[in-house]
Amino acid sequence: MPLSAAVISDVQKLVLYETRARYFLVGSNQAQTKHRVLKIDRTEPKDLVIIDDKHVYNQQELRELLGRLELGNRTKIGQKGSSGLSRAVSACGIVGFVRFLEGYYVILITKKRKMADIGGHSIYKIEDTNMIYIPNDSVRITHPDEARYVRIFQNVDLSSNFYFSYSYDLSHSLQYNLTLLKTMCDLGKTEELLPPSRQDSFDIFEDEGLPTQVIHGIINEPYAKYIWNGKLFEKIKDSVHPNWLLHIIHGFCGQSKLLIYGRPVYVTLIARRSSRFAGTRFLKRGANCEGDVANEVETEQIVHDASVMSFTAGSYSSYVQVRGSVPLYWSQDISTMMPKPPIRLDQADPYATVAALHFDQMLKRFGSPIIILNLVKKREKRKHEKILSEELYPAVINLNQFLPPEHCIDYIAWDMARYTKSKLCNVLDRLGLIAENVVRRTGFFVNRADLHCHTLRPDERWGDLGGYLTACGRMQTGVLRTNCVDCLDRTNTAQFMVGKCALAYQLYALGMVDKPRLQFDTDCVRLFEELYEDHGDTLSLQYGGSQLVHRVKTYRKIAPWTQHSKDIMQTLSRYYSNAFSDADRQDAINLFLQVFQPSESCPHLWELPTDFYLHQKNTMMLPHDRRSYTFWWSEDLLKYLPLPYDEAPCEENKRRVRGRRMNHYDEGTDIYHEFFRPYELSCFDDSYCVAMTNSAREFMPKTVGVDPSPFTVRKPEETGKSVLGKSSREEAMLQRKTAASAPPPHSEEVVSSSSEDDSEEEREDEGAASQRSTPIKLAEVMESTRMQEDGARLAAREIYGLCPCESPGEDDIQIYQKFAHLGQNQHKVEWMGQVAEPEQRESVINLTPVSQFSQDSIYAVQPPNVDKASREVFERHIQTGRGLVGALHRGDVLMYREYIKNRYM
């Protein structure tokens, strides 16, 4: 059976050529051996006319085509206007086409930056875009409000956390993508890649009788929920080749390198933000009528051994978890200008219909069990967050009574804010117990069977691990859904603890650690914590308008005393964003996602009092079919549980996949040429693998003799990047001394009072304590300098056993003389060898040799023995350098034949 591989897009380099009547968009692959041409009409003032001939041009054909266009568009002498064909802009992808009140615009990606690498598949971040108006000025019909719509649309900063890939489907998880490659190729329709022609069938090696290796190129539909430019391609998706459609996601993507004794392991974090019911903090709460919730983000952590790049031969593991608002009809009134507006329930939902729609989506995508971790408060002086818990728990109970017991939704309610305020309780320990229970139930994905070392050194927790076992690994079944009120600070810390627990199991499954457990203050956990903090800051900026207020260090109660002032600033920034700029951001998101489409017969976007009717479709029309209150899940869903329905081999999923019979060495599936690009000159210092975060460079101590393992617990001052945020040991010592002489910092007693976790009454009680400060006295600085000098002398004595400024004692001199005499006598024995008489040997000290060679000393050594096979390899290497090349191997001939065929024919 032929192998399967993802098809690489052959539209990666674009050039836009301009004439008076047409735009010609030329798309090429990386090697610029295949070209496609898109013709865009500029004479239509309000319509989009695009012609794609679906033909693949080579370089010669493209030059001839551009030459004919240049010749045909030249103006006569004396006639006004541009002459011929002009090059307008270069790009690397199309975001989409959009229209407001005049003609259409095309949005092109003009600059990108590599952010991650998964199995040779590169993930890029959009750095810059260009928005070009298509119709010619001579046919343009101006409208006074067009410029305002353009400004609102451009408020969505495409250079901020939008990602894409030419060969990897970012809208699906790694488990889905790799499972799809291992599925039988008859899942979908199979089509030929190229039409049969004389040029394609010509083969200079046809007389040798070597067969052509066939591979199935897989093309699947992206998951529309996480695609942010799907509506921008709505007009052209049925008329152009799929390679023109570059799907982008919004969220976060980060990757770091974990070096385990020189073995590279890549840890990747990908967050996909939902494009449905998307918006800002106070303007999008709860869920809409279709079960889509606000601030829904799917976070996937991928761990793979970077020493092997291939998806088929490498070792890959992933774990997925979800965050999202409480799936109820609720909102907060922001007209009162309060830091915490009161929560109100907008609609009564006694049969939990909106929650049923939401959990039906999750069961289809993730399987069972669905585990809810609800972190909102339970006990409050004035009922605020408790309103949500009182509605969510009965809804889950109502839905569970109709599900089979083995597939019921698990509900875990834990008041994390109240637990944090107790001085006798450790928040992260409790979260660690919850995380261990969750990971054991859901399992995780790994594409390799259990290693033999797991049998030799079994771990009791490994045998209790859940998930779905296959012949070639494990699959994750079910998912953890975490929520608080905003799904920002508390949620990010809880997700970090679950991810840390899953990371230990992933490393254990790949054979990197001997036990599935990781401890804090190790290089591995610090690297992972930094990755998750960047992830949390990015998602918090997108939804809340500021970075995280509470971090992992805050809940560990090791945050420096300066962190409290930073928390206050982040809270003020979040409040300002929510009060003054969120409305404009919400309008921009609605316009970008085409939730609102401008029309001359309808009110303008800025004239709408609310966007409630844009996101709640049942308010504009009555639903034709009403779902059952008891059988609230999709048809055939229970048949495949606990596996996800989206990964099941059903007819619905078969229609989403298309297969192509392709050449094994075709550039459309050859990930080697796509990643290494042997036809380009690359600078090693500018390569992505050198610039990415490295555990050995960023976190491992710089002193000699320290254990280089990233799983060794280290003190804060021993690491390259201090946990206190300082880059040098002296600053850390000064900070510890200052903190020791100061009153207990506020962050050690209570988590910062200016965040989402505290009520107004608690902030009033803690207002006075937050104003305390401790000045750093000059005497303390001088005393710290003297301590550093004394520490340097003590460090020299600890390392060398003596201080260089002191003379050695008589005992030390006698020991050194004995050592020197011992070395001299041993060298005499080695040099004299068998010549020395027995009487002379008795006068010196005899030592037993431990070398494996018969002759081994500082004067001579016996050369090692080399076997016959190694000699033959070396001799062939020498002969090849002299031009004496032997017969080629059959596999080498086959590879060279395919290279010549694809490159020059």
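**Exercise 1. Find the partner of S28 and describe its surroundings.**

*Solution.* Start with the side chains: those of S28 and H35 are joined by a polar contact of 2.6 Å. Here a polar contact is a pair of N or O atoms within 3.5 Å; within protein, one must be able to donate a hydrogen and the other to accept it, and residues adjacent in sequence count only if both atoms are side-chain atoms. Before going on, note that this is a predicted model, where local features need pLDDT of at least 70 and side-chain atom pairs count only at pLDDT 80 or more, while totals for chains, interfaces and linings use all residues. Residues are numbered from 1 along each chain as its sequence is written, and side-chain values use heavy atoms, with hydrogens and water left out.

Strands (E, at least two residues) and helices (H or I, at least four) are DSSP runs, numbered from the N terminus.

Is S28 buried or exposed? Its relative accessible area is 6%, so S28 is buried. The scale is: buried under 20% relative accessible area, exposed over 50%, partly exposed in between (1.4 Å probe, protein chains only).

**Exercise 2. Classify two ring pairs.**

*Solution.* Rings of Phe, Tyr and Trp (its six-membered ring) pair if their centres lie within 6.5 Å; planes under 30 degrees apart are stacked, over 60 edge-to-face, and the rest tilted. By this rule there are 30 aromatic pairs. Take F444 and Y505: with 6.5 Å centre to centre and 45° between the planes, the pair is tilted. F444 sits in the loop between helix 8 (427–442) and strand 21 (445–446), and Y505 in helix 11 (residues 489–509), 61 residues apart. Both F444 and Y505 are buried.

Now try F675 and F676. Why is this pair edge-to-face? The ring centres are 4.9 Å apart and the planes stand at 90°, so the pair is edge-to-face. F675 is partly exposed at 24% relative accessible area, and F676 is partly exposed too, at 43%.

**Exercise 3. Explore the largest nonpolar core.**

*Solution.* A nonpolar core is a set of buried Ala, Val, Leu, Ile, Met, Phe, Trp, Tyr and Cys residues joined through side-chain atoms within 4.5 Å. The largest one has 53 residues, and L431, V439, F444, F496 and L507 touch the most other members. Which helix gives the largest share? Helix 11 does, with twelve residues.
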